[in-house]
Every structure is written in C-alpha cells, then in structure tokens.
Amino acid sequence: MRTRPLGCMTFTALVAAVIALLAIVGVIVVTGNSMFSPGALSALTVTDGAQAVSTGGVTSHAQLEGRCDACHAAIWSGQKMGDRCVACHADVATQSATGTGLHGKLDANAATCLRCHTEHHGATASTTLADPRVFPHEQTGFVLTAHAQPAVAAAVGCRSCHPGSPRDYKVPDCVSCHQKLDAAKMAKHTDTYGAQCLNCHDGKDTYGHAFVHTTYALTGKHAGADCASCHKGSTTLAALRTTSTTCATCHAKNDVHQGRLGQSCGTCHTPDGWTGAQLDHGTQTTFPLAGKHAAVACESCHVNRQWSGLGTTCASCHKKDDPHAGKFGADCASCHNASDWKDAKFDHSITGFSLAQAHASVSCDKCHANKRFAGTPTTCVGCHASQDKHNGVLGNRCEQCHSATQWANASYNHNAAAFKLVGAHVGVTCERCHSKAPPASTVTTCVGCHAAKDVHNGSMGSVCETCHKPTAWMDVKVNHNAFAFKLTGAHAGVACSQCHKDSSPRNTPTACAACHNKPASHDSHFGGVCSSCHTTKAWRPAAFNHAATSYKLTGAHLSVTCLKCHTNPSVTYTGASTVCASCHKKPANHTGAMGSNCGQCHTTRGWSPSTFNHSTTSFPLTGAHTKLLCTKCHTSPTSFGGLPTSCVGCHNKPSNHPSSYGTVCTLCHTTTAWLPIHYTGPHTFPMTHHGAGGVCANCHAATLSGYSCAKCHANAHGGSRDQSKCASCHPDGRGGD
Amino acid sequence: MRYSELLIALALVAAITAGYFVMTAATGVPAASGFIGHLMGVVGFALMLLTETLYSLRKRAMRRPRGSMRAWLRLHIVMGIVGPYLVLLHTAWTFNGLAGALSLLTAIVVASGFIGRYIYTAVPRTADGAVVEAQELTVMLEALREADAANPATASAAARAAHRKIERRIRTIERQMAALRWQRRALATWHTIHIPIGMAMFVVGFAHITAALYYATLLR
C-alpha cells in the first residue's frame, strides 16, 4: 500500500485544492479584490447644499470598491491605514497639526483614526462610530456628565443635540429640550440670561441649587433675591462674574437720599434691610461728635435736614454766638473746645512769645497793662529795664545770661564767646573783668587784666600763657625744651625754684657746676666738665667711656670704682700706668719667678684660672702633666724658662730599675701613667714568656741590652750552659732544640 | 458511553456560547476584526487543521501506534465541531465574499462529517476500531448462538440479563451483516466527498488568512 503523509492528500483532494485555487484566482481576475472585502463600503456622501463634496477624487468610499490599496497600504510600503486616511482627508491632518477643528480638539492624528472611524459595514452605514460611552466629548468643551446620567441618557441621544448629523457642530438648541422639563423656568431663564446656553454651561456645572455664590456672599435679604434682579442681561460667564458688587449699581434707583449721601450705602446700611441704618458720625463723616456736640439733636446742626455740605468749622454754626465780635478771628477751636465755651485755653505760643516758666504763672495784666495786648514788647528790657542790677554794664540782652525761670541762677555760656572761661576764671564774678568795659570790648589778653600783678616785672614778656595756665598762677607748665637748656633725665622732675633762685629765669646759668658742687671725692682732679662722666639721668653711675682711652676696660676691671686704679689724686687720669703690676702686687706663690708680664698667664676676667698655653714652649703638656699645678714642676723660684724637659728632671728612678736601665724613660713609659709600660723597641723574645710576667727585671736583671734566664732556669742543662745565650737555641722561649 | 464525543463537543459549544452571549451583552457582537473575533478565528482554524492532520497521521502510524483509532476519531469529532463553531462565531454573522464562501465550505464539511460518522459506526469493528470482515462476523454469530443455546433464559435474573445481552448482540451482528455491503460502498463514496471539500476549504481558508494579513495587517 502506498503511504501518503496525510489522509487529505488523495488525488481527488488535490484536484479539489487546485480547483479551489483556480476559482479564487478566477474571481480575483473578474471582480478585483472585492471578494476579500468583509462588507460593502459606505456610500454616504458629504453634501454642500445639493452638491456632493468630492474628497480624494471620490464622493463616497463606495466608489473605492475593489481598490483595496486606496486604504489598505501594503505591508512593505511603510504606511499605516491612518496615513492612507489623511492622504485624502487633508483637512483632518491640518486640524490635527494646528489643534483646530474637532480633530484638533480631540488630539486626533493618523494613528488614532480607528478609534472613531470604521468601514465595510454596508453602503448605508456611517463610517463614524463615535460611541458616546467612549467618545471624549469633554475635549469638545462640553462634558456629557449630566446628560450621560442613566435617567437622562435614556431620552437623550447624540442627535438630540446634533440634529441631522453628529457632524452638525453648530451650538445645539438646549432650550427645546429643557423647556419640556420646566417651561416657566426656562422662559424666565432665557429672558434673564439669553438663549446662548453654552456661554455659561459646559455640561459639568449647572449653576443650580448647589451653586455657591462665593465671590459675593449672599446674606440678609440678598439670600432670597431673584438672580435676575442683579444679573439681568448677563449672557456670558464673564459678564456674570463681573457683575458689579456695589450697592448703587442695583439700588441707585431706590435711593431715598436721592444721591445726596453718595453711593457707599454699606457705610450705614446692611443687606438685612434699608431700615435700621447705623451712622458712626466719628468714622463715617469728617466731623466726629465730641463734647456737647454728642448730645445735641441732629437738626441743631442739620437745619432743614441738610445732611451734606455743612461746614465743619465752629464758625459755620457758632458765628452768631461770638462775644469777641470777631476780634479773635474765626478759629474758635484754637482756644475753645467742644465741652464748654468757658473752658478756653489761650496758647500764648501762637503770638510768638511763649509763656515759659515764671512767665507762665504771672497774671496777664502784669504785661498787658490796661488790657493792651497788641504792641506788647517781647524783649526782656521791655518790661524789666527798671530792675537791671548791673546798671546797664552788661548790656540789655538779659536772655544771654538769665532764663525765664527767675533772675537768679543766671548762667552765661562764656564758651559761646571768643574768650572761653576755664580754670580760675570760671569762679570769678562777671564784674571782675567786665567792670571797665562792656562785654563786647573787654580785652582778652592776660596782661589786659593781670599786668599789675606781674612778679617778673616784665622780664618774661607779656605772653603769660607760655608758662602759666588759667588754673592758678603757680600752676606753671614750661616747655623747657623750647629753650637752649633742655630738661632731660632728673632735671625734668625738679621744681623750677631748685635752679631758678630769683624771678628772672632767663638769667639762670646753664653750667652743671653753677648748681652742683663737686663732692669731696673729686677734690683736685676730674677737671670741671661733669658731663664727660655724668648724665642728667643720675650722678651715678658715672658713665665714662673708658674704651675711648688707650686702656679699654674688660672683665673684672669693668666693675671696680675709678678710684681703685686712679688712686693718686696728684696723678692725672691720662698718665696712669697700664702695666698690670702698677696696680697688682705679685702674690706670694709667684715669688718673682713668673716675671712681671701677668697677661701671659692671666686675663682680666680673673686671676684664676691662669691660661698659659704650655704648647708654645718646648715642653707641651700631655697626659697626666696637663692636670698638675704649675708649681708641681716649677718649684724653683728662679725661672720658668730653665727647667729641664727630660723625665728624670722631675721623676726619680724607682728602686726596681737598675741603674743600668738608663734615663730614657720614654722608651717604656708615656705621660698618661707610669704603668703599664709600652716598650716599643725591638724585642725578638716573647715578652709574654711564661714566668717573666712582663716584669723586665726578671730577665734583664742588670742591663736592658743583656739578659739572664738564671732566675728561673738556673739548673737547665745541669747548669752547664751560658745563661745569657739561651735565646740562641730557644729564640721563642720554648723547650727542646 | 456511545455518544460521549458528541456530548463533550456539545458541552464545549455550550460553554463557548455562554461566553459569547456575555460578551455580546456587554460590548455587542464581537467584530471579526477585534481581538476576541480574531482569537476565535485563529483558535477555530487551528482546531480545524488539527482535526484533519492528527487523525490522518494516526491512521497511517501503523508501526508505532499511540492510542486507539476510536479515541483519535472521537478527538477528531470533538475538534471538528468546536473548531468550526468558533470560526462561525468569528464571522460576526456576516457572510461576504471569500469569507462567506469559506463559511459555506466549512458548513458542508462539518455536515458531511456528521453523516460520515454514522456510516462509519455502522461498519462493524473490533474494540480497537479495525474493520471486521464479513467472514469474521459469521464466526462470531455462530459462537453467540451456541452460547445462547447453552444458557437458557430460565434461571436467575442475572442469567436472564446475560441472555438478553447476547440476544441484542446477535441482532446487531445480523443487521450489520445485512448492511455491510452497501455500507462499505457508502463509506468509500463519503470519503471522496468529505476529504476533497475539506481540502478546498483549507485552500480558501489560507487565501482568507493571507488576504486578511495583507489588507488589514491585523488592523494596524
């Protein structure tokens, strides 16, 4: 049996498949691609009047029947179906791009055509779905919130507002439906606000019972008022919202005051009613009612009920009551207040002459005799001339010294004048200076007043203030540095009279000796020029610059007194010897051996330690020698220079050194110490030879050049060998040959 | 059970119908081009393809058989009912052009399937589903008659029941033997109608799918 992969692959089945394929191809050839169509295309047209509008060359999609590629872009074309839509419907593309028209409002574009549009639902089917449940109607500017409520939606369809076609975007006629709900209300509503419902209504806000009148709270009688009373003729939201809130806008025609009281009704009235108005005369008029005004009847002032235009000056009402017959002008309030006419207070300061202090309490007729007010003088002497205790000496401007308080306690501020009062001048009476001439011409120089008292009899000139201060005559302050003799050091502190014995300071001599006596210690020397040693700071220390002489003072010399060296009063200072011995006696331990050139060993810092440099001699000190006293070697007083430099000059040979060892100690010893020895010469035989112990005399009993081993080896070789020649056979000190 | 495959298919169809009505009530008749419509079309067509291929492959898998022929036929019948039903719902009840022709061909194939099923079951088969030849039927009939004679219907209730079962089986085999000749001829004739029309249906179906992909490109 022949095996087929599938049961369907029978001969007849394959024939059927081929026939089906041929049939499909045949139908495509005959009818175009319409056999693939899922339904007929819409034959609806858009009309402009009686004329069908042509878009993309056709008046309806039905004319595209069989031309599938008009809308269905091939997969490889890169286009989508929406691109094909806007290829013909260019106006939609423009709306999308510019945000205008319905498609602009809906934010529709080529990618979203299929949200609302469809095809293949038959020749009479609309190409627009626009399901009200999903259509974003709020984007058109009108929300379907209220109209989509179940109870309403049942009776309302798209065509209720868009009669004819949903394409009809003209402002819908709301009234025809809404007047069925409440004809009377609608009639009144349209009468008040007009019939352009969408001017205010957006489908969301009904402005009905729940509307809160927030921008202008409705209180009192406003709460129950008819909306039209205020909003009549406002046909847009903007007009409603900008309705004037001033009272007069609505109530001007009812104004019982006929406009006399202005338009700010709210200052007296409230929305609770016109009656019961409250006027606060203090804040709501320019004339607060104070004192007796508060109690009088309104008509006392508002004669004939004239409420505005009244003057607020006293005279406007009280002119007829003026007992001054107009002499004091019309400004009653400058003296009187609203409480009582009699409670008058005249402010004398407005006359230009304030009544201060003592003037405040005198009776008016003291100044205004015979009730004469005008022309009253304002100068002090105008009233007080007869009381001048200065008899005119101090002029007539009393106020310069006196205040209005009382005549006593006069206090002239002399510092305001050219001559300021300081020091003792403050306490003197005015007349002491001003008795001879009026204040303006009183001289201001010291001698002008004090010439008769000059104790210097004119010798110091007339400019007293060079030395004297106004405090007191004896409070003298001299700038002595302005003179030839400047006061320095201790001179600055002494009293003037220490030097100036008489009243003629300019004649006082300037030499030191003129004031200062020589002390006894100076007697016949030191000359007469004190300043060569002394300064004005103090007598001591005297500061002679010894470095300027041929003998500079150093070390201990700096602290000794002059007389320690300059002992002989008969000898002048310039001739004093500079040799040490001329002052210093040799000490006992020198006994003349050190000569007289002390400076060779000593410095001025101190006698001890001496600092002789032994290295400059033929015998430099090394080792133990450096620590010895000079006198250890230099025992003889004869001379330092003659001492031997050989060791034996000082050191005796010890008993263990045979005399034959010679006197060249340095052959074995150093100056560091006698022991240990440091033999540095030739010694072929080991010095560490057992038994010798490093003691030279054990082998070299007699001389250093010869030796004998007999001390230890006397019996060697039976005593038959020469003991001084052992090394010939035993060069290294060992036994055997 | 004798009609179990039909009951299973009926249950599935009922469940799908219930879901379809729920959707229709909520959003209207699912459009052929919508997600649900396409889903039904794609799943339905896939089931129809499997209906043909799986059973056909099993029939020829003699060397490595998986499951009985009868079980595969029952699956074939279930899928052959449910698949076309889904495709029918996919049409959204419009029958235009090529898609309409496809619907018609599908209806013919399904209807012929029902007829074929009855012709098929009339042909005597072993428990495995293989066709029993007339000679074997004769042997079986004689064996049953001997058993019937040896087991008279006089004893217990159980014996009487067994007797009635044998009697019914004898009558069936007698009827089958009588009809066997024309039945085999009818089945052969049916095959030459059911399979070619099915083939034509698949060709038209693929043309429909290709056109849909090309023109609507899944409605992009």
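What share of the contacts in chain A with a separation of 6 or more is accounted for by residues 24 or more positions apart? In chain A, such residues make up 46% of those contacts, where a contact means two residues whose C-beta atoms, placed from the backbone, lie within 7 Å.

Before selecting anything, note that this is a predicted model, in which local features need pLDDT of at least 70, side-chain atom pairs count only at pLDDT 80 or more, and totals for chains, interfaces and linings use all residues. Residues are numbered from 1 along each chain as its sequence is written, and chains are lettered from A and ligands numbered from 1 in the order in which they are written. The predictor gives the complex an ipTM of 0.75 and a pTM of 0.40.

**Select chain A**

Chain A holds 26 helices and four strands. Helices (H or I, at least four residues) and strands (E, at least two) are DSSP runs, numbered from the N terminus. Of the 737 residues in chain A, 4% are buried. A residue is buried if 20 or more other C-beta atoms lie within 10 Å of its own, exposed if 12 or fewer, and partly exposed in between, with C-beta atoms placed from the backbone.

Go to H120(A), in the loop between α5 (113–116) and α6 (150–153) of chain A. H120(A) counts as buried because 20 C-beta neighbours lie inside 10 Å. Check its backbone too: H120(A) has a positive phi of about 65° although it is not a glycine. Most residues other than glycine have a negative phi.

Next, pick S459(A), which sits in the loop between α20 (446–450) and β3 (468–469) of chain A. Is S459(A) buried or partly exposed? S459(A) is partly exposed, because 13 other C-beta atoms lie within 10 Å. Beyond its neighbours within four places in sequence, S459(A) is in contact with S504(A) and R506(A). Show S503(A) as well: S459(A) and S503(A) are 8.5 Å apart in space, C-alpha to C-alpha, and 44 residues apart in sequence.

**Select chain B**

Chain B has six helices and zero strands, so from the N terminus on its elements run α-α-α-α-α-α. Buried residues make up 25% of its 220 residues. Among contacts in chain B between residues at least 6 apart in sequence, 75% join residues at least 24 apart.

The mean for chain B is 79, and 83% of its residues reach 70 or more. Among the elements of chain B, helix α1 (residues 4–27) has the highest mean pLDDT (90) and helix α5 (residues 134–150) the lowest (70). Where pLDDT is low, the predicted coordinates should not be read in detail.

Now find W93(B), in the loop between α3 (69–90) and α4 of chain B. W93(B) counts as exposed because 9 C-beta neighbours lie inside 10 Å. W93(B) is not a glycine, yet it has a positive phi of about 65°.

**Show both chains**

The contact between the chains takes 26 residues from chain A and 28 residues from chain B. On the chain B side, α2 (35–60), α4 (97–122) and α6 (157–215) are the elements that give two or more residues. Of these, α6(B) gives the most, with 13 residues. By class, the chain B side has 16 nonpolar, eight polar and four charged residues. Here Ala, Val, Leu, Ile, Met, Phe, Trp, Tyr, Cys and Pro count as nonpolar, Asp, Glu, Lys and Arg as charged, and the others, Gly among them, as polar.

Zoom in on helix α1 (residues 11–31) of chain A against α6(B): the two pack at an angle of about 35°, with their axes 8 Å apart. Axes are lines fitted to C-alpha atoms, for helices over the stretch in contact, and angles run from 0 to 180 degrees between N-to-C directions. Residues to display in α1(A) include V15(A), I19(A) and I24(A); those they and their neighbours meet in α6(B) include I195(B), M199(B) and V203(B). This contact of α1(A) with α6(B) has 16 nonpolar, two polar and no charged residues.

**Finish with the cores**

A nonpolar core is a set of buried Ala, Val, Leu, Ile, Met, Phe, Trp, Tyr and Cys residues joined through C-beta atoms within 7 Å. The largest has 26 residues, and L98(B), L105(B), M199(B), A200(B), M201(B), V203(B) and V204(B) touch the most other members. At least two residues each come from α1 of chain A and from α4 and α6 of chain B. The largest share, twelve residues, is from α6(B). Apart from this core lies another, of twelve residues, among them M40(B), V82(B), Y85(B) and L89(B).

Notes. pLDDT is the predictor's confidence in each residue, from 0 to 100.
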